[in-house]
Amino acid sequence: MTASKGLEGIVATQSAISSIIDDTLTYVGYDIDDLATNASFEEVVYLLWHQRLPKEDELAELKQQLADNMSIPQEVLDHFKTYPIDQVHPMAALRTAISLLGLYDDKAEDMSDEANYEKAIKLQAKIATVVTAFSRVRKGLEPVAPKSELGYAANFLYMLNGEEPEDIAIEAFNKALVLHADHELNASTFTARVCVATLSDMYSGITAAIGALKGPLHGGANEQVMKMLMEIGSEENVEPYIREKLDNKEKIMGFGHRVYRKGDPRAKHLREMSKKLTSLRGEQKWYNMSEKIEAIVTGEKNLPPNVDFYSASVYHSLGIDHDLFTPIFAVSRTSGWTAHILEQYANNRLIRPRAEYNGPDKQKYVPMSER
Ligand SMILES: CC(C)(COP(=O)(O)OP(=O)(O)OC[C@H]1O[C@@H](n2cnc3c(N)ncnc32)[C@H](O)[C@@H]1OP(=O)(O)O)[C@@H](O)C(=O)NCCC(=O)NCCS
């Protein structure tokens with residue numbers, strides 16, 4: 001038995017949800033470029049759950065179901081007030097709140113197909129409310145109830161800020177949600193599948209996935225990118241800052257990928273949006289700095305930017321707090337996680353790999369007095 005570090009190159013499951021082949025990302029066979037340009041997030045959610053695009057009435061029904069399920073129990077809102085707000089990262093709050101939501105769902109342990117599909121709807125609907133309500137509660141503001149006439153992207157921004165967003169913000173946010181919705185067997189999706197393959201419930205699967213997404217090598221990278229941009233502070237400082245990091249063999253957040261070689265196909269959409277939004281807001285410096293960083297890292301290390309690099313300046317331009325970037329990734333990726341969980345349940349087998357043992361051998365028990 002020989003281990004593959006980080007499971008590199010291991011094909012661990014079959015899936016009909018999304019694929020990465022030759023640096024092209026598709027959801028159910030639809031190129032991400034096509035979906036990012038044309039689809040609403042709700043259409044993508046339907047696509048991932050049903051493996052086909054919805055008809056008009058099916059989309060309307062899903063939108064209604066999402067809107068109807070957005071409210072969260074008062075107990076979850078009250079729970080936020082017990083958190084040590086100054087030190088709690090919103091991803092930790094989200095991980096806890098999603099687990100808590102399961103306690104208030106009387107179908108949490110019902111493993112029928114209908115109950116599991118309903119749970120996917122509930123989780124997708126409620127996660128937007130959890131993230132936005134936590135953000136408001138920690139600032140001493142009241143949560144804002146969703147408006148049923150707004151789409152998912154618009155509702156998220158409305159619940160976050162308490163005012164209806166401009167069209168350009170809705171367009172950008174919708175696109176970001178579409179681009180982050182699924183990504184083959186990434187670390188958090190694999191985590192979700194491993195968890196539910198024990199026939200554990202969907203709340204456990206999503207809670208586990210949020211824990212995996214939180215790390216800076218995965219979804220946590222987008223917040224770190226913004227932290228880096230703030231630290232650099234000016235276009236002139238890009239070159240010395242990045243060169244010093246590379247000389248010290250430090251990783252530059254938002255670059256590199258386990259699967260893509262030539263580049264992450266999602267990055268160009270976010271780059272374009274970052275250019276547009278930073279210029280509209282009169283804050284081109286973030287885009288200009290990002291471009292310069294890209295030129296150096298790509299030139300020196302041949303590492304192209306990934307989805308997290310330009311999403312940072314996009315979310316910043318939308319006025320979103322930097323520590324909400326990763327929770328927003330979770331809001332979108334819940335569509336993919338739930339799709340994978342449903343797929344896992346439909347054709348389940350316990351996921352239990354092996355480890356190559358490299359510890360000591362043939363040891364004899366030593367009594368306490370002789371150690
Ligand atoms: C995404 C990532 C975790 C993939 O990791 P991986 O496939 O295990 O690749 P490794 O970490 O083993 O890196 C391979 C080599 O490339 C280098 N490398 C990878 N990403 C790098 C980065 N962002 N900056 C600088 N060097 C990087 C590593 O230092 C390593 O170099 P070495 O062989 O000289 O030691 C990795 O590229 C990374 O940490 N990126 C930054 C975090 C990030 O943006 N994550 C979001 C992913 S969508």
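I took two strands as paired if DSSP finds at least two bridges between them. The model is predicted.

Strands. I began with β2 and β3 (residues 30–31), which pair in the antiparallel sense over 2 bridges. I looked up T26 and found D31 as its bridge partner in β3. The hairpin of β2 and β3 has 2 residues between the strands, and V28 in that turn has a positive phi of about 45 degrees.

I then went to the other pairing of β2 (residues 24–27), where 4 bridges join it to the antiparallel strand β1 (residues 18–21). Here T26 is the bridge partner of S19. The hairpin of β1 and β2 also has 2 residues between its strands, and D22 takes a positive phi near 50 degrees.

Domains. I noted the division into domain 1 (33–214 + 324–346) and domain 2 (221–317). Their centres, taken over C-alpha atoms, are 27 Å apart. Domain 1 gives 19 residues to the contact and domain 2 gives 21.

Interface. I read a buried area of about 1700 Å², with 62% from carbon and sulfur atoms. On the domain 1 side, L179, H183 and F325 lose the most area to domain 2, together 37% of what that side buries.

Polar part. I counted 3 salt bridges across the interface and 7 residue pairs in polar contact between the domains. On the side of domain 1 that touches domain 2, α1 (32–38), α8 (167–180) and α16 (325–346) each give two or more residues. The largest share, 8 residues, comes from α8. By class, I listed 9 nonpolar, 5 polar and 5 charged residues on that side.

Terms used: Residues numbered from 1 in each chain as written. Predicted model: local features only at pLDDT ≥ 70, side-chain atom pairs only at ≥ 80, totals over all residues. Heavy atoms only, no water. Domains from an automatic or database assignment. Contact = heavy atoms within 4.5 Å. Buried area = accessible area lost by both parts, 1.4 Å probe. Salt bridge = Lys/Arg side-chain N within 4 Å of Asp/Glu carboxyl O. Polar contact = N/O pair within 3.5 Å; in protein donor to acceptor, adjacent residues only side chain to side chain. Nonpolar A, V, L, I, M, F, W, Y, C, P; charged D, E, K, R; others polar.
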